[in-house]
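Have the viewer open as you read.

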Amino acid sequence: MRNSDTNLTNTDLIYSNPQTQVKDFAFDAQVVEVFPDMITRSVPGYTTIIETIGRLSQRFVQKNTLIYDLGCSLGAATLAMRKGINAKQCKIIAVDNSSAMVERCTMHINAFKGETPVEVIEANIQDVQIKNASMVVLNFTLQFIDKAERQTLLTNIANGINKGGILIISEKISHDDSIIDQHLVDLHHDFKRANGYSELEVAQKRTALENVMRTDSVEQHIERLTNAGFNHVSPWFQCFNFISFIAIK
Ligand code: GEK
């Protein structure tokens, strides 16, 4: 077994050297190798959000239902839920459209014991039929979906959630007030520098994400979740331009 198969702490150095042309960001094998380090050093509050998803699964998951982790990457939210769930006869369905992520995610899930079965699927989350769900997680995934297709996706998710069930949606956001927006972006970049990323790494990553990740405002998220059919919608966490909402049916 290669060291990288077991080492979760490979340091993200992907953008540390100058690149003549920065390519669009992709969730490929190179990213998989460093993903846990990349996401914890780049997303303020990531660990708190994952732990809270675990706690919410204890509170919301009902017997005989399905739980979905959409855009699961290496399965951090899935593992947190599997630890938190007390309800019986449930199944977690973890979905990602990156084959490199799905392969490594399956390995992670199998490395830990847990009562709730997990099925890891390689698919576009827009093609997955959500049904009989008591909990759905979109942890920093919606931002990679075409803006014009986000409402349909959320409506399909809401339709597949049972009454009283929950969607957790975490996103990077933008602010309509350009002064506030600039300060939040600066604070996020300070956070990345404090976590050891250089100016070059921050700048090149920003370029790589430009055409790939598109953010919405808090108001747009709330409007979309309400239109989708959720009866109770609120942010429960925000740090700079990173936010997490709960939406209950
Ligand atoms: C975590 N939730 O650690 N269908 C399926 N998967 C997709 C799609 C799509 N259409 N678009 C993007 N992805 C994880 C972190 S990362 C967020 C989520 C980030 C997948 C993509 O392959 C990647 O694995 C994930 O969504 C986004 O809690 O890295 O900023």
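Phe25, Phe27, Phe35 and Phe144 come together as one aromatic cluster. Please keep in mind that this is a predicted model. Across the structure there are 5 aromatic pairs. One of them joins Phe27 and Phe35: with ring centres 6.5 Å apart and planes at 65°, the pair is edge-to-face. Trp236 and Phe237 also pair, and their arrangement is tilted, with 5.6 Å from centre to centre and 50° between the planes.

How exposed are the partners in these two pairs?

| Residue | Relative accessible area | Class |
|---|---|---|
| Phe27 | 29% | partly exposed |
| Phe35 | 7% | buried |
| Trp236 | 27% | partly exposed |
| Phe237 | 15% | buried |

The cut-off for buried is under 20% relative accessible area, so Phe237 at 15% counts as buried.

Tyr197 is worth a look next. The charged end of Arg41 sits over the Tyr197 ring, 4.0 Å from the ring centre. The charged end of Lys192 sits over that ring too, at 5.0 Å from the centre.

Now turn to helix α7, which spans residues 199-209. Which of its residues are buried? They are Glu201, Val202, Gln204, Lys205, Ala208 and Leu209. Their cover includes α1 (29-42) and α6 (178-194).

A last stop is His108, found in helix α4 (residues 99-111). His108 has a relative accessible area of 12%, so this residue is buried. A polar atom of the His108 side chain lies 3.2 Å from the backbone oxygen of Leu74.

Technical notes. Residues are numbered from 1 along each chain as its sequence is written. This is a predicted model: local features need pLDDT of at least 70, side-chain atom pairs count only at pLDDT 80 or more; totals for chains, interfaces and linings use all residues. Side-chain values use heavy atoms; hydrogens and water are left out. Helices (H or I, at least four residues) and strands (E, at least two) are DSSP runs, numbered from the N terminus. Buried means under 20% relative accessible area, exposed over 50%, partly exposed in between (1.4 Å probe, protein chains only). A polar contact is a pair of N or O atoms within 3.5 Å; within protein, one must be able to donate a hydrogen and the other to accept it, and residues adjacent in sequence count only if both atoms are side-chain atoms. Contact means heavy atoms within 4.5 Å. Rings of Phe, Tyr and Trp (its six-membered ring) pair if their centres lie within 6.5 Å; planes under 30 degrees apart count as stacked, over 60 as edge-to-face and the rest as tilted. A charge sits over a ring if NZ of Lys or CZ of Arg is within 6 Å of the ring centre and within 35 degrees of the ring normal.
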